[in-house]
Amino acid sequence: MLKAATDAEAARFLLQAQFSAPDTDIASLRNDGYVSWLNAQYASAPGQTGVAWLDSKNRNAVTQDEQYFWPQFGDFMIWNQLLAGPDQMRKRIALALSEFFVVSLSPIDGFYPPYVIGAYWDVLTANGFGNFRTLLERITLNAGMGFFLNTKGNLKEDANGRQPDENYAREVMQLFTIGLYELNADGTHRLDANNQPIESYGQSDITNLARVFTGYDWDYVSNGAFFTPTPGKPWGQVPSTHFATNPMRFRASDHSTLAVNFLGTSIAANTSGPNALSAALDVLFNHANTGPFFARQMIQRLVTSNPSPAYVGRVAAAFANNGSGVRGDLKAVWTAILTDAEALAAPTASDTLRGKLREPIVRFVQWARTVGTTSTTGAYEIYDLSGSDQALGQSALRSPSVFNFFRPGYVPPNTAIATASKQAPEFQLLNETTTAGYINFMQWVTRGGYNDVKPTYAALLPIAHDVPQVLAWLNLRLAANQLSTTSLNVIQTLATQFGVTATSTDSQKLDLLATVTWLMLSSPEYLVQK
Amino acid sequence: MSKPDQWTRRLVLQRAMQLGAMGVATPLAINLAAISEAAAFDSTDYKALVCVFMYGGNDYANTVVPYDAANYALYHQIRAGAGGENEAGIALARANLAATALTPAAGPALTDNLQYALHPNLAGLKGLWDQGRLAVQLNVGPLVQPTTLAQYQSTNRVANPLPPKLFSHNDQQSIWQSNGSEGSTIGWGGRLGDIALSSNANNSLLTCISASGNAVFVAGRDALQYQTSPAGAISIRGIDPNQTNWPALRTALNSLITPTSNHVLENEYSIVTRRSIAMEGVVNGALAGVTLSNTTNALFPAGNPLAAQLKIVARLIGASTALGVRRQVFFVSLGGFDNHNLLMQDHPRLMQRLNDAMTAFYAATVELGMQNRVTTFTASDFGRTLSSNADGSDHGWGSHQFIMGGAVNGGRYYGTAPHVSIQTDDQVGQGRLLPSTSVDQFAATLARWFGCSAGELPGILPNVGNFSNTNLGFV
């Protein structure tokens, strides 16, 4: 059993596997090792779901001021999910999945948008340690995905020239399973006789596959769903939130019965809708591209922007077979990603392209979980943080499109990254506005929190008078000891000017602690996770 | 698929000059005669190109709409699945198009004697058409070379190359902006910026500006994208003496966020932060000297993100003299055009936003006396299908675009109108238009207005040599 040899090694691993590095997890990694820790996470019970949390806050109420239309409870829900609760690896994985299988709250309107996005998030947390095939079917039939990529209400062709909606058929191939180009087992492009990449599907594949996704719509009736009359409102009644949590219902009369020929497979005419769906998803799940395509992007989300093909190949092999002959076991994928030699190897000075830029959501959640937060009301009134000049410049479940906040192949122009022919997806969010906006936003929240969510710095208050100890504590937990001595000296020189002693007030101590935390969080040495 | 990149003499010289200015030894001996040749572009006037990108793929058929009775009937039959002239399916009502019906000032009759109307919510743009300030480019899209339907359907891709990943959002966005699919790092706006850098000696970083997010369109080989928020440049409070009166804190923060590093990602992050800090005072200082009248300000509606972006672009153009810049390329965008569903609910709102933002921007350039020096054009991922999927349309290829400005030969159509059909040979199925004009021709026309010579076009648009006409005449 491979174990972390130092606290820094343990922290470095934890900041790849989840958001923060609590002492108990560091101890577990040093005592029992990586695989043991991972298996404990896989076996641990999931925390409260997003939908259950919304229920607990009465967000399903039918109120006179029409709160059933308010989207912001969806933002409160996801920040509560990310900031609170013990099962943070499950949440970190779900966040990574939410940036691969993207659904955004932003365009969702109508009744109960928070429940629509909450039920989608819950699919990701419920299946993040399950099987890819199951996950693929659950997201396909999820109400939020149905809204976002238009399977909801998708009708078969008709005699007047109406065609099935192609959106889900296209994006499930391009983004969720096989990608644009045929791949080798290590994620590199297969090349044709002219040394060109080979496109993995064409328009005809999409037009055919689109038929499979016809006949679905939101289910307002199953599992005890009901309507509440709303006299005097134009809509007359409000559905219960079951439509958001129920898988979309299938109606055969709206389903195309034409044959489906795609990716070399044929689904016969008049195959039942559920059978056609199952067959089509099997084709995508079993396609040679799906393992390496998914593996590379998950490595990018958790460990490094530029994994070697061999690393991708090892993770793809775990996707293909978990060691017990099971394909698509996601636990095997996470273990392969996080315990790979390329992930565990300590960064070296000569490896100047190692790692990735931490994305703003992860920085914010890491900060909150590291210093500790508490909600004064339990409401978690943290809104959409997408604003780039005043806020974080990125907000969970608020991607501007199905193409995520950044693309896996993004190359920042006019940089040494481009010169080296490397990729840096998270740099797509970095520009003159966002770098300033982030520093300003963190200066504000590190001291004052955000609405009812307040930082406690509980572990740091008792040692606040001991600046070197404070800096060491933060350097380990924020940056796995990757801040340089130069930077630590700059921060220490400033910190001593606060003149905090053991008898200083908590407010004075918090001024110091928030400032040094903010300075670390602003430093590129922290921002780049190596 | 593209030719090897071609460097013109001027670009080579410019590169050498920049290297020299950066203190790097240059292998080229530059004499004064060569420099004066290179300076031919450096006229004293000001010109700006503004790209308005509609993310998601704009529905061409409800933007520039068949209006004459015969062609409207075809449009209605395809989009509504039945005859008639009322709003149905994804067809607009004919009566609602009367006020925005276009009468061209000149030009030959269109295919099948088409008469078009703009979407009813584009009334402001229709007014600019009437004034000769708005032109419509018909059926333009990415092409490697002129392509027929038979060539599109051919399996010989060596003889009949196509742009990669047609119908895919992210790739077609990238191809419109840069001639290359996702991951490409040089856009044609940025290449124009490369040529313009020496015209902007005082503030060359303000040559290529995005008021939207990061966009490859405004990334050049040497020209960098500068990004601004609609509020102008954002000041980092912790290093700003006006907001932080503790010098030691300002010094500490500044040193922590701007280090040089051997680690490439850390170093590139710092570079962006340093640029942000260096330009903030310059940009906001120059903007402080620009005020638009209350009347003009009121034309930019609150809650319209495109209007907010175009307003800061107008103000930056107003500050161009103070900033010492003479050639600029801007990028702004509006999202939400992927109208697979609820087209009749969502698309009209987008058209209203486009109309309000563009007309307000034109009015602002008039107030600034810059309307003849600013040319604005629209672009989008792709057009969409003419046929309906019940309440929306799907990904297509060619589309119609607008060109707006005082220098535009407006009130006219350019290019070839497609038949209103899902069967003719100017579409590739379901009314996905096979472009009859390429993005390279469209871009070349704009580049020439900007000041590029014909010889410089291949260095900017690698496939432009495959097309005979590189000046479409709309500006």
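The model is predicted, so local features need pLDDT of at least 70 and side-chain atom pairs count only at pLDDT 80 or more, while totals for chains, interfaces and linings use all residues. Residues are numbered from 1 along each chain as its sequence is written, and chains are lettered from A and ligands numbered from 1 in the order in which they are written.

The interface, then. On chain B, 62 residues are in contact with 61 residues of chain A; contact means C-beta atoms, placed from the backbone, within 7 Å. Helix 9 (264–288) of chain B gives the most to that side, eleven residues. Helices (H or I, at least four residues) and strands (E, at least two) are DSSP runs, numbered from the N terminus.

Next, helix 3 of chain B, residues 69–80. Its twelve residues should span 16 Å at 1.5 Å a residue, and the end C-alpha atoms are 15 Å apart, which agrees; the expected span is 1.5 Å times one less than the number of residues. B:Gly81 follows helix 3, with a positive phi near 75°.

Last, strand 8 of chain B, residues 374–380. Seven of its seven residues are buried, so the strand is largely enclosed by the rest of the structure. Buried means 20 or more other C-beta atoms within 10 Å of the residue's own, with C-beta atoms placed from the backbone. Strand 8 of chain B pairs in the parallel sense with strand 1 (residues 47–54) over seven bridges; pairing takes at least two DSSP bridges. In that pairing, B:Ala48 stands opposite B:Val374. Strand 9 (residues 399–404) runs antiparallel to strand 8, joined by two bridges, and B:Met404 there stands opposite B:Thr376.

Methods:
Contact = placed C-beta atoms within 7 Å. Buried ≥ 20, exposed ≤ 12 C-beta atoms within 10 Å, placed from the backbone.
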